[in-house]
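Let us read this structure together, one feature at a time. Keep the sequence and the 3D view open.

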Amino acid sequence: MKLYEYVIRRLITLIFVLFVVSFIVFYLARGFPSAISPWAPYIHPKMTTEQIEQVIKEHGFDKPLTEQYFYWIRDILRGDWGLTGTWANGRPANEVFFRHFPYTVELAIFGTIITIAIGIPLGIVSAIKNNRLPDHICRVIALAGYSTPSYWFGFILQLIFFFYFSLWGLPHLPSSGASDLEVTKITGIPILDGLLTGNLAFVQDEFLHLILPSFSLAFISLGFLARIVRASMLEVLRQDYIIMARSKGLKDRVVIYRHALKNALIPAVTLIGLFFASLLGGAMITEYVFSWPGVGQQALRAVMQGDSNFLLIYSFVFAIVVVSVNLVVDIIYAFLDPRIRYQ
Amino acid sequence: MQGQVGEVRKGELEARLADIKYMLHIFRKNALVMVGTAIALFFIVIALLANIIVDPKLAYPEGYPNNMYPFERKYMWNANHLIQWGTQVALYHGPEFFPLGTDGWGRDLFKMIILAIPVDLYNAAIITVTAAVFGTLLGAIAGYVGGKIDELIMRVTDVFFAFPSLVLALVFAAMFGRTLETLRLAIMLVWWPTYARLMRGQVLSEKEKLYVEALRALGVGHIRILLRHIIPNAIYPILVQATMDLGGVVLTFSALMFLGFSPSPALPELGNLAADGYAHVFDAPWVIIFPGLTMLVMSLAFNLVGDGLRDVLDPRLRR
Amino acid sequence: MTKNENPPLLEIRNLKVNFHTYRGEVKALNGVYLKIYPREVLALVGESGCGKSVTALTIIGLLPDNAYVLSGEIIYKGRDLLKLSKEEMRLLRASELATVFQDPMTYLNPVLKISTQLEEVFMLHEDSLKEAVVTEKVEGKDVGYAEFLAMKGNPKALLFENHRVSRGEVKRMARKLCVDVLRLVKLPDPERILQQYPFELSGGMRQRVMIAMALARRPSLFIADEITTALDVTIQAQILHLMRELSEKINMSTLMITHDLSVAAEVADRIAVMYGGNVVEVAPTIEIFKNPLHPYTTLLMEAIPNILKPVDTLKSIPGTVPEMINPPPGCRFHPRCPYSMDKCKKEKPELVETSSGHEVACHLYGV
């Protein structure tokens, strides 16, 4: 019963947020003089003046801004997200967006997996050996990751693993882009499609291309996760039920993994969710540095060109993603902590 | 009536002084944090003295912006330098010594980095302080007043959280032009919601405490309670967050510069300097490596201090 | 009263324990002497902060990191517990020393089911469980908790040779014993309780579950640290009744820690009174109520309101509990003692036996 209410309330928030977000972006994009006139993506040089007038009337470009907003909403509901500028060959904005989105998803999944795989153990070790040498080492690693400029780390990785490795004759990783090989589309997510069609050559190639950018992303956030896990773990280890577990004569390892961990991970789950959501927004800088054909890279170009149509669909999808991920996180929360379930 | 409130405040003051003494004691014990503080102070000193040590005009080569590349020293590395990058690097055999090589304009990278430090720190400080103050006040009001105002402010922060932060800053900057002021404003817009949420949570729990009830019973007004009692007690996590954010904001600021939003291409700023080396990462790696490294150490120092502060201010450790 | 002729199960000698705090060293235990005999219930009584729980934690080896033992011995079945390794202590906690704590809400893991938390205690004794399974098969009779208890210390290794026991069978036996032991602590519908989480049970039920967890270890020493304090009076009575029954049925000693003399009077064979980190008096229950020797004990007795003789003001002991960072020198009670002499300020009195079974630490008694 409660879950139902919860979901409904979340959906309402989502709609509210979507409206406000869209209005802000719309206003920012169309309301200010920019290099491209808003109707530029809809026309091409061969059109006559009447045809141009036609387009303008059709999409309401001649009306005041607030009215334009409603024209725009109408367009969206019809599936017309507008066209992009010359930077994307004037293709429809949603086509451009969804062509690049799967790559961002790939990166997000891998980045999150690495973050979890390294960040959580780091935090646990830090907490168990609190204030001793392993803790200090972990702390420096965690904070170093957190303090690293994203544009810098990507290049360092490329420098070492691509350039110098090949210079020294070592096997090296590709420096940029995604795999050039072909793969048949099923889900749209390249590496998944590769697995599903048994195209192992592709999977391997894509995987190699994914390693550096994913690691670059992960390095920066695993520190934060590790600190949260550490703090949470320390808090849990202070609890009475841990003393109880020890007094039962349970082995240390059992106490930590069966009793402490489940409790400690609860706050970490929210963080992981937030992180995954923000990655789905496209890690702009990492995609830029590695020429990864994801949505973030496209958004960057869109901003530079003042292309509001693309930015709008981008913001929209991102808002939906954030609210959905939050919802999923809450469900996982309820799964982990029975107290919430039965409330 | 005044006397009783005065007693409460005197008691609070004494308790707070004792707290601070204890916290400094713990702080000093943590070697890592002390290192961080030392480095942070070092950077602050450099920031303050930078324009004295290095002539700021060196950042803008002769004849700039018309005659952009006057020197024949672009992307050069000293031939007799300790570090050897490989054969693809252009070597400089001239009389001057560039400890960290030269950048695309032929400027001494080492000197440019020194000039860049105050730019980054200063902007980061302004942004952080403004975002913190604004966010904290809004959050405190939301938490204390509650009801519709709280809902409203929380929805607003929701909206800001739903934006990918870099995009919002970029859009803003793209719309309003590439000046330092717009960039600062853009980042502030993205950063303040965290403080609002944080402060709201703190105020909500402080509100329930007995001393607030006592003060109300003594007839002290709401605003006074909020400003003089609740906020000072709830401020610790904000301080931690602000210190760590100094490290974070400086990263965002330089990242935006890196992406091309600097007001002038020659501005000495760590991200901007790194952007110059983007196309030359393999044959002139120092242009990216050293500014980035400086940024890392600077940010790390502040994060260490903030992290140490967080450990120290953890109320459960205060036994 | 032949208990005193058997050697004690546990003997604590001159135990001194300090805590590091940022304000200074807290001298929590100042030379504790205590003896617990087999099959008896010994109550350890005292105000909060006098060191009762610290004593318990020291026995089971779970002092917090900032605590350290200065000196002393804890002899249990011939071994000094303070000299054992962490692993050895862990094994002892798994099979000999069981502790039940004060607040069952915080001492039970909120995210794990009762079955998980109870079964894991039985699963620590896989060998015994396997033996139980084999016994069931070979002798054809049902092995419940009572039989399991009896099997302790009587391993029938021969049975093992010819029978292989699967993990599933071991788990099933553990589950069966869980149900059985929950019945033993008078919990209705044990199967259902096993599937629940701690927050779904009432305070009294949770405390019984904790007791069941202790019994699952078949302990020789059962330490109950303020187990009734967090419960209301009626439940308290039920739990105490249960404790009395158990101590009669099962061959174990119980160390009952409490600040409530009436609780002690309900269940204990002997009572030990603690003050300021020392044991100041030990005597059989009736004896100590009839003839309290130590001034502190006497004042405690006087402070108990008598339902038959109501008074206007309750009698209390003047002064407050000593501050443990700079405790009073000599006898720690002297600032509040109506009989204090010069000697009391300088010398700490030793615990000596005045008459059969009655020990006291006070200069009044010629020490």
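Q: How many residues of domain 1 of chain C are in contact with residues of domain 2 of chain C?

A: Two residues are in contact if their C-beta atoms, placed from the backbone, lie within 7 Å. Here six residues of domain 1 of chain C are in contact with seven residues of domain 2. On the domain 1 side, these residues are three nonpolar, one polar and two charged (Ala, Val, Leu, Ile, Met, Phe, Trp, Tyr, Cys and Pro count as nonpolar, Asp, Glu, Lys and Arg as charged, and the others, Gly among them, as polar). Note that this is a predicted model: local features need pLDDT of at least 70 and side-chain atom pairs count only at pLDDT 80 or more, while totals for chains, interfaces and linings use all residues. Residues are numbered from 1 along each chain as its sequence is written, and chains are lettered from A and ligands numbered from 1 in the order in which they are written.

Q: How many helices and strands does chain C have?

A: Helices (H or I, at least four residues) and strands (E, at least two) are DSSP runs, numbered from the N terminus. Chain C has 14 helices and 12 strands.

Q: What span does helix H7 of chain C reach?

A: The expected span of a helix is 1.5 Å times one less than its number of residues. H7(C), residues 167–184, has 18 residues and reaches 26 Å from its first C-alpha to its last, close to the 26 Å expected. After H7(C) comes C:Lys186, with a positive phi near 65°.

Q: Which residues of H7(C) are buried?

A: A residue is buried if 20 or more other C-beta atoms lie within 10 Å of its own, exposed if 12 or fewer, and partly exposed in between. In H7(C) the buried residues include C:Met173, C:Leu177, C:Val181 and C:Leu184. The buried residues of this helix pack against helices H4, H5, H6, H8 and H9 of chain C. Across chain C, buried residues make up 45% of the 367 residues.
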